[in-house]
Amino acid sequence: GKEVKRNYWGYETYSFFAPEPSYLACDDINEFKQMVKELHANNIEVLLDVVYNHTGEGNQLGPTLCYRGIDNESYYTLDRNNKRYYYDSTGCGASFNLQHPFVMMLVMDSLRYWVKNMGVDGFRFDLATSLSRKNEQFTQDSGFLQAIRQDEILRQIKLIAEPWDLASGGYQLGAFPPNWAEWNDRYRDTIRRFWKGDEGVCGQFASRISGSSDIFGYNDRTISSSVNFVTAHDGFNLRDLVSYNDKHNMSNGEENRDGSNSNNSWNSGQEGETDDENIKNMRLQRAKAMMATLIFSFGTPMLLAGDEFYRTMFGNNNPYCQDNILNWVAWDAIDKDGMEFAHFVRRLLALRKKLKIFNRKKFFTGKFDDLSRHKDIIWYRENGEEFSQNDWNDRCRKTESYCVYDDVRAVFCIFNANTENIKWKLPQIRGYSRWNMRIDTAEKIADDDFYAGKEIEIPAWSVVVFEVKK
């Protein structure tokens, strides 16, 4: 018979107060509390990915397991014309009705429970637009957003929105209140396109890596509002992004119809696993460049588990039903490349942590800053001059650099998405003279003596980071 697929990811909530039982070793709720305590003891915060927008009861054809049998009309938003059917903004059959006061109370009690009783530090809300609708329209005045804003406990924790759902007016990137951060899918798409070698991406790339002020720079929001990511559990992971042009989801049993078709991926010349050393090397360079871009962008970086050691999902971009090597983080299967990649990622993260400029709260303006006596961000081209309007308008341009300052140092970052190495003249930065190269993702720059005006060769598909001191 046909193999029955398991819903391995979950995402079909029944009880908003219960952790997924398959994660427990001994069926003891204290395991969760102990896990949180251990992570806190190691300076790691815990954020839960929560699904309040729908339940596992699905649409009118789904099972009656809980809310539908208790009070269908209160718990779900029904179709206005025929109450046998559901209004569905989630793509999962029905929308949980947070406009009802008792349903709202259930959700708020659940959130407080996870913070107070279980010790978590915040939440990422699946399809957060769906929770924030009033009369089927998204609004910042929705009961849900207001309730969180007024709650003594919840307004102080970390709140992250997936700022879209599947109904009309569902895409709300940048529209959540000031204390929220949001998944920035425009960051994801632009970074992928830049490192794939697409033309006409340069201006968008600059906006995304400098914090997306065009999206988030309103209502006193901080630069950390943008949750920057190149990969997430939805879609290709990092290694597959540089190894596959097309999704390979046949094993999901849906004839490859499921999963996104717009991946902005490029296989570097051959589809899937290969023994060609040149192709393998180019994939690695592009993956390293994307990881470095993510870490040295302003905003809040988000990494997908497993990307730090370059694991593959064999081209499946929607492995929700795969309880096997496609989803498992197989620590014992990490090869030499994976270990080297993990060390590389560790170096990137240590450098970001050291460079305090990445702690800044305010968005960049490109205007002169009295404190540093420089523009707060300057974009340079390869001849050592500032970008002109012509450079921004040049559709063929695939390279750019930024320079930002704090009181003792400047951070100078070069991004080269060309297929060739390019000559680059280091710019004159007034008052800063000691140039130290901290990262060369291609590891091809042998030189170690750098100074303003010097011309160096920037490798193809690479990111180079300098720390420049007074």
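The residues lining the largest cavity divide into eight nonpolar, one polar and one charged. Here Ala, Val, Leu, Ile, Met, Phe, Trp, Tyr, Cys and Pro count as nonpolar, Asp, Glu, Lys and Arg as charged, and the others, Gly among them, as polar. The model is predicted, with pLDDT of at least 70 needed for local features and 80 or more for side-chain atom pairs, while totals for chains, interfaces and linings use all residues. Residues are numbered from 1 along each chain as its sequence is written, and side-chain values use heavy atoms, leaving out hydrogens and water.

**Cavity and pocket**

The whole structure holds one cavity of 30 Å³ or more. On a 1 Å grid over the protein atoms alone, a cavity is a set of points where a 1.4 Å probe fits but cannot get out, a pocket is an open set with protein on both sides within 12 Å along at least five of seven lines, and lining residues have an atom within 4 Å of a point. Grid points are joined across faces, edges and corners, and a volume is the space filled by probe spheres set on the points.

The lining of the largest cavity includes Val230, Thr231, Leu238, Met291 and Asp307. For the second largest pocket, Trp9, Glu162, His233, Asp234 and Asn318 are the closest to the centre among its 30 lining residues. The table sets out the two spaces.

| Space | Volume | Lining by class | Largest share of lining |
|---|---|---|---|
| Largest cavity | about 60 Å³ | eight nonpolar, one polar, one charged | helix 10, three residues |
| Second largest pocket | about 930 Å³ | 10 nonpolar, 12 polar, eight charged | helix 6 (residues 185–196), three residues |

Helices (H or I, at least four residues) and strands (E, at least two) are DSSP runs, numbered from the N terminus.

**Nonpolar cores**

A nonpolar core is a set of buried Ala, Val, Leu, Ile, Met, Phe, Trp, Tyr and Cys residues joined through side-chain atoms within 4.5 Å. Buried means under 20% relative accessible area, exposed over 50%, and partly exposed in between (1.4 Å probe, protein chains only). In the largest core, of 54 residues, Trp195, Phe296, Phe341, Tyr402 and Phe415 touch the most other members. Helix 10 (residues 277–295) gives this core its largest share, eight residues. Met104, Leu111, Trp114 and Ile148 belong to a second, separate core of 41 residues.

Leaving aside residues up to four places away in sequence, Phe341 has contacts (heavy atoms within 4.5 Å) that include Leu238, Leu284, Met291 and Asp307.

**Strands and sheets**

Two strands pair if DSSP finds at least two bridges between them. Six strands form an open sheet in the order 1-2-5-6-7-8, with parallel pairing. Strand 1 (47–50) and strand 8 (300–301) are at the edges with a single partner strand each, so one side of each has no neighbour in the sheet. Strand 5 (residues 158–161) runs parallel to strand 6 (residues 180–184), joined by three bridges; Ile160 has Ala181 as its bridge partner there.

Strand 17 (residues 462–469) has seven of its eight residues buried. Eight bridges connect it to the antiparallel strand 13 (residues 409–416), where Phe415 is partnered with Val463. Strand 15 (residues 434–440) also pairs with strand 17 in the antiparallel sense, over six bridges, and Arg434 stands opposite Lys469.

**A loop glycine**

Gly169 sits in the loop between strand 5 and strand 6. Gly169 is partly exposed, at 46% relative accessible area, and touches Thr129, Arg133 and Phe138, not counting residues up to four places away in sequence.
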